[in-house]
Amino acid sequence: MLLRHTTAKEIDRKALTVNPAKTCQPVGAMYAALGLHGCLPHSHGSQGCCSYHRSALTRHFKEPVMAATSSFSEGSSVFGGSSNLVSAIETIFTVYNPDVVAVHTTCLSETIGDDLTQIVSKAHEDGLVPEGKKVIFCNTPSYVGTHVTGYSNQVAAFVKFFSTATPKKKNVINLAAGWMEPSDMREIKRLAQEMEARIILFPDMSGVLDAPLTGKFEMYPKGGVTQAQLIATGDSKFTIGLGAYSTEDACVKLENKCKVKFEVVEIPVGLKATDRFITSLSRHANVPVPDSITEERGRLVDLIADNSKYFYGKRVALYGDPDTLIPLTEFLLTLDMKPVYIVTGTSGKHFDESMQALLSEKVPEAKYKSGPNADMFQLHQWIKQEPVDLLIGNTYGKYIARDENIPFVRLGFPIVDRAGHNYFPNVGYVGATNLAIKILEKVLDHFDSNCKEEKVEWQM
Amino acid sequence: MTQFIQDRESQIVTKGKSNFDLIGGKPSIAGSVSQRACVFCGSRVVLYPIADAVHLVHGPIGCASYTWDIRGAMSSGPELHRNSFSTDLREKHIVFGGEKKLYEALIELIDKHQPKAAFVYSTCIVGVIGDDVQSVCRQVEKLKNIPVIPVMAEGFQGTKKDGYKIACDAMATLVGTDNSKKISPVSINILGDFNLAGELWILAGYYKKIGIEILASITGDGRVNDIQNAHRAALNVVQCSGSMLHLAKTMKEQYGIPFMKVSYFGIEDMSDALYEVAKFFGKEELMDNARDLVKDELKTLLPALEPYRKALQGKKAAIYVGGAFKAISLVKALRLIGVQTVIAGTQTGNTEDYKLLKTICDDGCILVDDSNPVELSEFVKQTGADLFIGGVKERPIAYKLGIGFCDHNHERKLALAGYEGMLNFAKEVYETVCSPVWRFAL
């Protein structure tokens, strides 16, 4: 067994994290920055950071991921990274010619005290930022928050550097996209189009990290929200944030800066979260919900009804990011399953309160944990104490699933051993249908291959 | 682009056109989309296959997350190395120091797993906040009575290659600390094989057939006690010279153990390696065994390669890998299956490496140090390459360009070492270059 060193018995850990259910801020900032058209993310720190983040994103999306680095040396760590960043900006515009450079910091550049406002204005003074080009930045020290925080900081930076209010408000709704797949973003845009709601979705990784093979390498693929759209978010009449952890900060900043009111809902994973999203969009965009969407919902309910006996009572362990875990837990309850163990490395009151509200009556035995030491090792120990029927999360659950022989649905970041997550959505009614089918497939396949021979039947 | 290429003039050479030598080992220009990694990464990948040690990453969570089970280094026994252990430093530790947390984490970890040794990796931030990692390691070592080895691998100190050296220094502190292992007089250490896809086991099979014992494998399927006894081997056989040469040199200075550089990739280099090692011991019997082995292997391998060679004849390859030694072997192995190398680049090659690489390549081959995606895709277009050999970040670029790709880095899933590996390699090149999918690219 690969994780044979994990035991059921829990030993009190204070200082040690084993097999984390999180990673550090900069990768989130890099991911979000790729959702702006023509943007080159820039990692202000050592070469390794940039290399790791690019590798992580490349493995997950199986797409080229471009980002530059300040390539810190011993000298930069003593004298500051200012000159590295200034010359990096020059190199980037000369060689790679992006429209925007989105700089994010690292633990190293934060600790030595590099002041990005000052450095970037120096680059401007020195004439290193060509006319019409832009350098934006956000602070993402790795020792604060997690990759989710980094994502949120980058989205907030979009607001800070672009959103502008003119006297004329437009009948447009901003949708601040939480951390989801390009396929999910595509699906959200489709739903809005179906409803004839005018929206600006930001960031938008569809068309960037799910680009077609053309025989050409495009440094800046077609997709992404445009700068003009980002500027126009200041004139929209309302913002809906999808996922509190990844978008609330941006929503607040946009309200403060441009007086655009907002509401934060969950990422529309599952039936009820999608209901809330559709209701919110319908109300704020002042558009009716078309029959086509109601029918999508009906097909989802139909699927659940057809298969409810297979969902019923199954114990599920899940892990990942709170913005996905909260609506996912709710969806599992909708399916009459039992989410019993839930772990996220990203801490916050909202997660704990949401779980309490969702689970205290329906699954009183459920255990959930967030923040430091809420890691995969902990989750595995719980599973060893009392097993589950299904595991949902990123690829890091693979060894647990194998060791414990549990059906395993891959969802979240990173997924590095399977394809399809950036092609087929998990959001909206269609996404929920997709997700419910994945769960069914895994649970039933597991039954078929593990049950006693005399119990095998062709019809189920 | 023109300006950039000018700045990098000394790092790009076309054989037959430019007559200067390519300068390797230059730091990357700030702002480049470099494919290189950091010092920590170098140390971590080299040490991580030691499977009965714990590897604790002292720093914020990212460094531990990204290197969690970083490559498929297989173990025949313990699997401790597949876990990720971190002190997960937070803001308060950056302000008040992380030594206490490191101490506690080490104690928790050692109590839980009773490892044979602990490696503690110092990351960028630890270097800056000034935690005395060495002193904490000494304290815990005394208390727990196992080697607790600081790996001072702050990322900003240089490139991955500098990290290899630091890893070698860390291991050098283990070497020579035990004499209890029973060994044969005909024993070697294998340095620089990481048992990716079980490659070490293939090599071990060959050496066993010849009559040579492997004392320590450093670090593929590695064990602490083998490394502690490694000073008693007759010879160090070093593969992937970039990562392990430093340890071989240190062991030569300290224990007088000679070393030889080999490559296990491709028929020529694999056979040379076996002959050279056999010759070293000066026993005719070993030489005979080696000859028999090579003869047997080739008898089946050569005809098996033939259909692939026919299908691939005239195809062109671009190579962009970590070290130059690997690139040299690749050029030869590709030639054997009819494929010509038109681009040969590395992340960490030095000037000497590139001289050698240049003599092996054909005229017109572009040699490049520390390249980036824009350059690489430009070169692929210029040369009309049909195949790209590289690592994780190059794969999707190659596919977008509509050409085949082979992973010759951490993520290879097929053993490429030895005779068996050569056949795997030919199959893999054939599968990707001749895939029907490229005909559908518009």
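## A tour of chains A and B

Start with domain 2 and domain 3 of chain A: their centres, taken over C-alpha atoms, are 25 Å apart. This is a predicted model, in which local features need pLDDT of at least 70, side-chain atom pairs count only at pLDDT 80 or more, and totals for chains, interfaces and linings use all residues. For your selections, residues are numbered from 1 along each chain as its sequence is written, chains are lettered from A and ligands numbered from 1 in the order in which they are written.

**Stop 1: the domains of chain A**

Colour residues 25–144 of chain A as domain 1, 170–291 as domain 2 and 295–454 as domain 3; these bounds come from an automatic or database domain assignment. Now look at where domain 2 meets domain 3 in chain A: 27 residues of domain 2 are in contact with 27 residues of domain 3 (contact means that the C-beta atoms of two residues, placed from the backbone, lie within 7 Å). On the domain 2 side, select helix 8 (182–194), helix 10 (244–258) and helix 11 (271–285) of chain A, the elements that give two or more residues to it. Helices here are DSSP runs of H or I with at least four residues, strands are runs of E with at least two, and both are numbered from the N terminus. Helix 8 of chain A gives the most to this side, with seven residues. Colour that side of domain 2 by class and you will find 13 nonpolar, six polar and eight charged residues. The classes put Ala, Val, Leu, Ile, Met, Phe, Trp, Tyr, Cys and Pro in nonpolar, Asp, Glu, Lys and Arg in charged, and the others, Gly among them, in polar.

**Stop 2: where the chains meet**

Show both chains: 64 residues of chain B are in contact with 64 residues of chain A. Helix 5 (residues 99–113) of chain B supplies the largest share of the chain B side, seven residues. By class, that side has 35 nonpolar, 17 polar and 12 charged residues.

Next, select strand 1 (residues 17–18) of chain A and strand 3 (residues 85–86) of chain B, which pair in the antiparallel sense over two bridges; pairing requires at least two bridges found by DSSP. Here A:Val18 stands opposite B:Phe85.

**Stop 3: helix 8 of chain B**

Select residues 160–172 of chain B. The end C-alpha atoms of this helix are 19 Å apart, which agrees with the 18 Å that its 13 residues should span at 1.5 Å a residue (the expected span is 1.5 Å times one less than the number of residues). Is helix 8 of chain B largely enclosed or open? Of its 13 residues, 11 are buried, so the helix is largely enclosed by the rest of the structure. Buried means 20 or more other C-beta atoms within 10 Å of a residue's own, exposed means 12 or fewer, and partly exposed lies in between, with C-beta atoms placed from the backbone. Among the buried residues are B:Lys160, B:Tyr164 and B:Met171.

**Stop 4: backbone details**

Most residues other than glycine have a negative phi, and most peptide bonds are trans. Zoom to A:Phe202 and A:Pro203, joined by a cis peptide bond with omega about -15 degrees. A:Pro203 sits in the loop between strand 7 (199–202) and helix 9 (227–232) of chain A. Another cis peptide bond joins B:Ile218 and B:Thr219, with omega about 5 degrees; B:Thr219 belongs to strand 7 (residues 213–219) of chain B.

Finish at A:Lys259, where phi is positive, near 60 degrees. A:Lys259 lies in the loop between helix 10 and strand 9 (262–265) of chain A and is exposed, with 10 other C-beta atoms within 10 Å.
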